[in-house]
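User: I'm new to this one and would like a quick tour. Can you show me what we're looking at?

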Amino acid sequence: MLEELEKLQLQAFAELESAVDSRELEQWRICYLGKKSRLTQVLRSLSTLPLDERRNTGARANTIKKSLENALEERGHSLETSRLVLSLENKRVDITLPGYPMPIGRSHPTTQTIEEICQVFQKMGFQVFEGPDVEWDYYNFEALNIPADHPARDMFATFWIDSNRGKRNRLLRTHTSPMQIRVMEHTPPPIRIIVPGRCYRYEATDTTHESMFYQVEGLAVDKNITMADLKGTLFDFCRCIFGEERKVRFRCDYFPFVEPGVEIAIECLACHGNGCRICGYSGWIEILGAGMVNPDVLRRVGIDPEVYSGFAFGLGVERVPMLRYGIDDIRLFYNNDIRFLRQF
Ligand code: PHE
C-alpha cells in the first residue's frame with residue numbers, strides 16, 4: 001500500500017504542474033484530495049489494518065496529504081500571480097495617445113440673462129438680493145395690498161402649499177414682489193435693490209407663459225423719487241439691453257401695490273411690429289410691470305409716505321432673450337434640449 005501511495009503522490013505532482021486555471025485546480029483537488037479520492041479512502045480504512053502497518057501507512061498517508069495540500073496552495077498562488085502579470089501587460093495604458101476632447105459646458109441662457117440684467121442695474125447703484133421661492137400669503141399678497149378677496153388675486157394663479165384652519169397661507173411665490181416687503185421691513189431708506197428669482201403660476205402653458213419662470217424685481221425708495229426716475233431708469237435699462245434703435249412702449253397698467261402703475265413693452269424683433277406668433281399678433285412684447293410704490297404699502301412697513309417715495313418694477317427674464325433672438329416659445333428654455341441650449 002505504501003508503494004501505491006508514493007506512486008500516487010508522484011502522479012499528483014506531475015498533473016498539478018499541467019493545471020493552468022482555477023477550474024483545473026479544482027478538478028485536481030477533487031481527484032487527489034476529495035472525499036472519494038484514493039488518499040481519503042486509505043486514511044479511512046486505516047483502522048482495518050494490523051497495528052504496525054497502520055502506524056507506518058497512516059503517518060506516510062498524512063504527510064502525503066499535507067504535501068499535496070501545500071502544493072495545491074502554492075500552485076494556486078503562482079497561477080494567480082502570472083494571471084495578474086499577464087493582464088497588466090495586456091491592459092498597459094499608452095499615455096502617449098492624445099486624450100478625448102471634453103465638451104465645454106456653459107451657463108443656461110436664463111442665468112446668462114440674469115447676470116447681464118444685474119450688471120446693468122448694479123452700474124446704476126442697485127444691490128442684488130435674493131429671497132425664498134416658498135412664500136407666505138402675507139408677503140406675496142396681503143402686504144402688497146392684495147387682501148384675501150381682492151379680484152387682483154386672479155392675476156396670479158397660485159400653487160398653494162398648505163393652509164392653517166381653512167385659511168391658505170403658504171405658496172410658491174407668483175412674483176418677486178414679496179421681496180419688496182421683506183427688504184423694506186428691515187431696511188430704512190434709501191433703498192436701491194434688485195431681486196432675481198424663480199416664480200410660479202398655476203396656469204396652462206403657451207408660447208409666452210410657463211408655470212415656472214424668472215423675474216427680476218427692482219425697488220428704489222428715497223426722498224424725492226418721482227415717476228421721472230422710474231422712466232429714466234427703465235428706459236436706460238432697455239437701451240442697454242436692446243440697443244438705442246429698438247422701440248419701447250410705455251403705458252398705463254394696474255397693480256394693487258403701485259400707484260400709478262405702468263407697463264413697458266418692446267417692439268417685436270421677429271416681425272418688426274407687424275404682428276406674429278411670438279408677439280400674439282400685436283407687434284409688441286411686454287417685458288415688465290412697474291409703478292410708484294403705493295403709499296399704503298409704504299405705511300404698512302413703517303415708512304412714512306409723506307417723507308419717502310419709491311418706484312418698483314418686475315421684469316420677465318426669459319422675455320429678454322426671446323426678444324433679442326426671436327425665440328418663439330418660452331417652453332424651450334426648460335425642456336433641456338441640448339440643441340437649443342448649446343446656441344447660447
Ligand atoms: N409683480 C408684478 C407681476 O409679476 C410686476 C410688478 C412689479 C409690477 C413691481 C409693478 C411693480 O406681474
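User: How many Å separate the centres of domain 1 and domain 2?

Analyst: This is a predicted model in which local features need pLDDT of at least 70 and side-chain atom pairs count only at pLDDT 80 or more, while totals for chains, interfaces and linings use all residues. Residues are numbered from 1 along each chain as its sequence is written, and side-chain values use heavy atoms, leaving out hydrogens and water. Domain 1 covers 2–90 and domain 2 covers 109–341, with bounds from an automatic or database domain assignment. Taken over C-alpha atoms, their centres are separated by 85 Å.

User: Is helix 2 roughly parallel or antiparallel to helix 4?

Analyst: Helix 2 (residues 22–33) and helix 4 (residues 51–90) have axes 11 Å apart; helices here are DSSP runs (H or I, at least four residues). They pack at an angle of about 180°, on a scale running from 0 to 180 degrees between N-to-C directions, with axes fitted to C-alpha atoms over the stretch in contact. Angles over 145 degrees count as roughly antiparallel, so helix 2 is, relative to helix 4, roughly antiparallel.

User: How many residues of strand 9 are buried?

Analyst: Strands are DSSP runs too (E, at least two residues), and buried means under 20% relative accessible area with a 1.4 Å probe, protein chains only. Strand 9 (residues 284–293) is largely enclosed by the rest of the structure, because its buried residues number eight of the 10.

User: In strand 10, which residue is the bridge partner of Met292?

Analyst: Strands pair if DSSP finds at least two bridges between them. Strand 9 and strand 10 (residues 309–316) run antiparallel, joined by five bridges. In strand 10, Met292 is partnered by Phe311.

Methods: Angles under 35 degrees count as roughly parallel, over 145 as roughly antiparallel, 65 to 115 as roughly perpendicular and the rest as oblique. Buried means under 20% relative accessible area, exposed over 50%, partly exposed in between (1.4 Å probe, protein chains only).
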